[in-house]
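Welcome to this tour. Keep your viewer open and follow along, one selection at a time.

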Amino acid sequence: MMSAQLQSEAGGQSSTSKPNSTEGGAQSRTEQPKPQAAGPLRNRAAGSKSPYVRAHSDSLVAWQLLDDEAINRAKSENKLIFISIGFLASHHCYLTRQESFSNTKVSSLLNENFIPIVIDREERPDIDNIYMSYNQSLSGTGGWPLNVFLTPELQPVFSGTYWAAPDVQENAGTGNDGTEKPLDWLVVIQKVLTSWREEESRVREEAKNMVVELGHFTAEGTLNHAGDDLLPSSPPSASENTNSVTIDYSGEVSGEVDLDQIEEAYERITRTFDPMFGGFGLENKFLTPAKLSLLLRAPRFPKVVQDVVGPNDCTYISGMALHTLRRIVTGAVHDHIGGGFHRYSITRDWSLPAFEKMLTDNALLLGIFLDAWLATGGNTDSEFYDVLTELADYITTGALLSERGGFFTSKAADSFNRRGDKVMQNGAYYLWTRKELDTVIGDVQQSVVAAAYWNVQEHGNVDREHDPHDEFLNQNVIHIVKNHARLSKQLGISEGDIKKHIAAAKSKLRSYRQRERVRPDIDTKIITAYNGMAIAALTRTALALLHTSDDWFERLADRGKKYLEAARKAALFIKTELWDDTKKILYRVYSDGRPEIEAFAEDYAFLIEGLLELYQGTSDQSWLEWADELQALQIKLFYDHPTPTNSTNNARCGAFYSTTVDAPYALLRVKDAMDTSQPSVNAVSVSNLFRLGGILGDQKYTYLAKESVNAFGVEMLEHPNLFPGLLCGIVPWKIGGRHWITVGDNPTEMAVFHRTPRAALLTLRYHDPQSSDSWLSKRDPRAPNLGRDQGVFVLGTDGTYRKIERHDLDQVEHPVVRATG
């Protein structure tokens, strides 16, 4: 296999090896005439609306866009395609652009022998997912930039992530630890090119076979399908219309997954937990919001779930999440000066981050910190209150908020150390020398306290093990190493004065940083899915604060109103700019206008989730109506209906594909169910379906939710810990949920609802008995039988609606989890 051969042979190649001549290979193709070249490639990156792609417009590589022009040229000239997939915030994407794509040898080889295409993974997550799966099948690892060589038919030949630039890579070979040194660009390009020229038929055959293997590798949720998931060459025929099949949505879905899988997942997650530093594993610790959410829910799941897991175990399980969150808060992934969180920690102890700041990470963390705050008291003096409001302020007032209301995508890891510099440095905006810290603070005692608190040292605090190239020489990454009590005892200063000194130092450092330093680039794309995450988290946070009785109620109310308005404006921006109400098309991204990239399943899922939160928080029926419309569209475009009709368009197993059947340039239709740094498409979609089914009384939605969970039954039985989001869907499937219907003003019950951490299924529907002609009254078949008196109602065991009682509230209001550790 060509890709395996390259990996095994390249280790012995010198990075300075002279590339083969570009005039021809050792074996020419005699079966067809040499294609006529269409003239030199020109760099087309400036024609993209993506800030990441446009950043390549001055590159020596003649970058093309992913379109028919580039693909057709590859076919007509019979050249391999080289795609580089990345995102603007990434340090390694910047490094590759700066070191490798500006190298004349690399650029010449790519321009003369390949069709190079640059892709923004945030614009085309489907393309990224397919080829990342291929890369992981080869090496077991992933990352960006993702570099892939493809046949003209887009079938993968070889891939890798970060390759060393010529003249940067040390002599290749075997290191002292017996491991091979990483490949460099010239070795990779030369090997791929030679294989294509000399053994094109073999390369094509292997690439074709690899696509079939890749279909099996990415077969989540399709294991009942006997064929493969290659896209058909023509649209589905009328005979494949799923509407021709009648399904009894009032029936039950049968499947083997049960509450036991939740217990098994908790057990497996516990094995990987780091009890000393929190998090999971020993390096490259990501924030894993879906996993943390499942852990936090343990003591708040219904009693039947806790009995399966074990009540004492539930307390320990949620404690793992709380301990991890505390280490995240004190660690270097937290920007202690300006707020917000970086993408992940390179080190086990959270002391050195990857400096990218992503909207997704911060929005998802906001929801996790909200649950943690509510679980540990939910007042202004409770643990996690400060970080909760700091993070919500960062999202709603920082550089990620556009003037028109949508939220930008990310803030880059790299920036210029000084104005006028030519090359950016990793983390430059966030690093401090001890001398600089002392000078900016300008007060000896404040400086001593701040340095001890944040571990700022004379020669820097980054371990040489994690800084082999001296990027961070004498630099300090701020993170908390001592609490106020320890500092007070060490320095002989009262805790009150310690807090004042730290607050004063932070204010001075923040002002200096904003005033004097060159700020990292902002990726100004506004992406539907990411904004949906922010809308949901901000709305939940706003409503929790607005329903908190506290001495600081007015301040909480002001914050709550601010966050809710930010969420509302973002939703309006999406509806105005990225929703075509006439054609009923949702679009993926806005960037200096709207590129014609239609939304993927994740855009529908996360936006629907945000709209449901807005409806439950404001009672504005228009949000629910739009969510319902989008849900119907998501089902139509992406759902894998288990119809008896033979078809290559779906696996007929239930659940959502990530793409439509006619997604451009996509080799495979893939179902996303395993949670990564963000919850999976199907986990969020299942939650939405259960919630909409409860709010609207729609049996079809509830049935499809159960069917979607069941679609991944085989995988969940084998590896339940990989599906924390979907595991939460087992609970409403097996034991149902609680669906409240409120008539009139019911402040006590509303406070309970909005201050309840996420656990089992709990929905809220507003009912106005006087509005029988409203959209909601017509949409909900239960409307004629709902209560007319003021109060909150729930479906009783006799099938009628009754007012909720104290014991109903007690089932929702769980005991506070005591802060420990």
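**A charged patch on the surface**

Begin by selecting Asp-258, Asp-260, Glu-263 and Asp-313: on the surface of this predicted model, these residues gather in a patch of negative charge.

Where does Asp-258 lie? Look in the loop between helix H8 (200–217) and helix H9 (260–272). Asp-258 counts as partly exposed, because its relative accessibility is 34%, and partly exposed is the class between under 20% (buried) and over 50% (exposed).

**The whole protein**

Next, clear the selection and colour by secondary structure. The protein has 29 helices and 22 strands. It is made of 821 residues, and 58% of them count as buried. Show the surface as well: the protein exposes about 33,900 Å², with carbon and sulfur atoms supplying 47% of that area. If you display contacts between residues at least 6 apart in sequence, 70% of them join residues at least 24 apart.

**An enclosed helix**

For the last stop, select residues 747–754, which form helix H27. Why is helix H27 largely enclosed by the rest of the structure? Six of its eight residues are buried, so the rest of the structure largely encloses it. The buried ones to pick out are Glu-749, Met-750, Ala-751, Val-752, Phe-753 and His-754.

How values were computed. Residues are numbered from 1 along each chain as its sequence is written. This is a predicted model: local features need pLDDT of at least 70, side-chain atom pairs count only at pLDDT 80 or more; totals for chains, interfaces and linings use all residues. Side-chain values use heavy atoms; hydrogens and water are left out. Patches are made of residues with over 30% relative accessible area and no salt bridge: like charges are joined within 9 Å, nonpolar side chains (Val, Leu, Ile, Met, Phe, Trp, Tyr) within 5 Å. Accessible areas come from the Shrake-Rupley method with a 1.4 Å probe; for residues, only the protein chains shown count as cover. A salt bridge is a side-chain nitrogen of Lys or Arg within 4 Å of a carboxyl oxygen of Asp or Glu. Lys and Arg count as positive and Asp and Glu as negative; His and the chain ends are not counted. The place of a charge is taken as NZ of Lys, CZ of Arg, CG of Asp or CD of Glu. Helices (H or I, at least four residues) and strands (E, at least two) are DSSP runs, numbered from the N terminus. Buried means under 20% relative accessible area, exposed over 50%, partly exposed in between (1.4 Å probe, protein chains only). Contact means heavy atoms within 4.5 Å.
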